[in-house]
Amino acid sequence: MNLDIATPDGVADAYLAQPGGGERHPGVLLLMDAFGLRPRIEEMADRIAQRGYVVLAPNLFYRAGRAPVLPFPDMTQDDARAAFMKDVRVLMGELTPERIAADGAAYLDELATVAEGPAALTGYCMGVRLGVRIAAAHPDRVAALAGFHGGGLVTDDPDSPHLSVAASRAEFAFGHADHDRSMPPEAVAALGDALTAAGRPHVNEVFEGAAHGYTMADTSVFDEAATERHFTGLRALLDRTLR
């Protein structure tokens with residue numbers, strides 16, 4: 001079902017997937033990739049819900065309008081993809097750590113009205129970075145974070161996302177894309193070091209042969225084997241931390 005979420009900066013449209021039966025179940029906040037809230041994200045939310053979880057997938061770009069904020073590009077056309085990514089980077093740049101923390105509180109509040117807490121987060125591409133920020137900003141409300149083909153988790157900035165894991169109380173599971181320029185091997189290692197130093201239980205692995213964006217069936221980089229591996233790891237994390 002579709003719903004609207006009140007936030008400090010407006011109203012975020014969102015998709016909610018629930019198991020049948022009308023009972024309350026543990027909650028999962030699904031944080032989309034940069035291509036936006038669309039049928040593929042809803043399909044993934046539905047599949048997670050089939051395992052007995054309430055899944056909320058908000059439009060993270062709601063400040064720029066309701067989904068689809070930007071028309072989905074023709075992935076076979078380099079020019080169309082490049083123009084789309086140029087516009088997306090502007091939207092991504094507007095998601096400051098302060099805004100992410102405030103939005104995260106609103107999303108978790110909405111999820112708590114229909115699900116048991118604390119919640120788990122699962123993020124994709126840019127959604128992984130946002131998830132790390134939310135887990136750090138709301139440690140008592142986030143039990144777990146799964147992140148797949150995330151980018152920019154380790155930077156030279158003193159406020160780099162990977163440094164915030166120490167503020168969380170979550171268990172983490174990362175499935176990185178192989179040969180991902182936005183998350184090279186040295187960044188994966190630095191993330192693992194930060195998780196270990198923070199004493200956070202974690203899985204931090206690279207999916208060999210899988211490209212950045214491998215879970216997204218509506219793109220040319222979709223990898224079915226890697227996607228199934230991601231669902232297996234995600235289910236294990238959710239069952240371990242929310243049951």
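**View 1. Leucine 29 and its neighbours in the predicted model.** Leaving aside residues up to four places away in sequence, Leu29 touches Leu56, Pro58, Tyr107, Leu108, Leu111, Ala120, Leu121, Thr122 and Ile134; contact here means heavy atoms within 4.5 Å. Leu29 is also one of the residues with the most contacts inside the largest nonpolar core, alongside Leu30, Val55, Leu56 and Phe174. That core has 79 residues. A nonpolar core is a set of buried Ala, Val, Leu, Ile, Met, Phe, Trp, Tyr and Cys residues joined through side-chain atoms within 4.5 Å. Buried is under 20% relative accessible area, exposed is over 50%, and partly exposed falls in between (1.4 Å probe, protein chains only).

A word on ground rules: this is a predicted model, where local features need pLDDT of at least 70 and side-chain atom pairs count only at pLDDT 80 or more, while totals for chains, interfaces and linings use all residues. Residues are numbered from 1 along each chain as its sequence is written, and side-chain values use heavy atoms, with hydrogens and water left out.

**View 2. Arginine 24 pairs with glutamate 116.** These two form a salt bridge, with the closest N and O atoms 3.0 Å apart. Arg24 lies in the loop between strands S2 (10–17) and S3 (25–31) and Glu116 in strand S5 (115–124), so the bridge ties together parts 92 residues apart in sequence. Helices (H or I, at least four residues) and strands (E, at least two) are DSSP runs, numbered from the N terminus. Arg24 is partly exposed at 42% relative accessible area, and Glu116 is partly exposed too, at 40%. The structure holds 16 salt bridges, each a side-chain nitrogen of Lys or Arg within 4 Å of a carboxyl oxygen of Asp or Glu.

**View 3. Arginine 169 meets aspartate 140.** Here the salt bridge spans 2.4 Å, N to O. Arg169 sits in the loop between strands S6 (142–148) and S7 (171–177), and Asp140 in the loop between helix H4 (126–137) and S6, so the pair links parts 29 residues apart in sequence. Both Arg169 and Asp140 are exposed.

View 4. Arg229 belongs to helix H6 (224–242) and Glu205 to strand S8 (202–207), so parts 24 residues apart in sequence are tied together. Arg229 is partly exposed at 38%, as is Glu205 at 31%. Salt bridges with shared partners also join Asp9, Arg63, Arg99 and Asp103 into one network.

**View 5. The largest pocket.** About 640 Å³ of space lies in this pocket. Its lining counts 22 residues, with Arg81, Met85, Arg89, Ser182 and His212 nearest the centre. On a 1 Å grid over the protein atoms alone, a pocket is an open set of points where a 1.4 Å probe fits, with protein on both sides within 12 Å along at least five of seven lines; lining residues have an atom within 4 Å of a point. Helix H2 (78–93) gives the most to the lining, with four residues.

**View 6. The second largest pocket.** This one holds about 290 Å³ of space. Of its 15 lining residues, Arg129, Arg133, Gly152, Thr155 and Pro161 are the closest to its centre. Helices H3 (97–112) and H4 each give two or more residues to the lining, and H4 gives the most, with four.

Conventions. Grid points are joined across faces, edges and corners, and a volume is the space filled by probe spheres set on the points.
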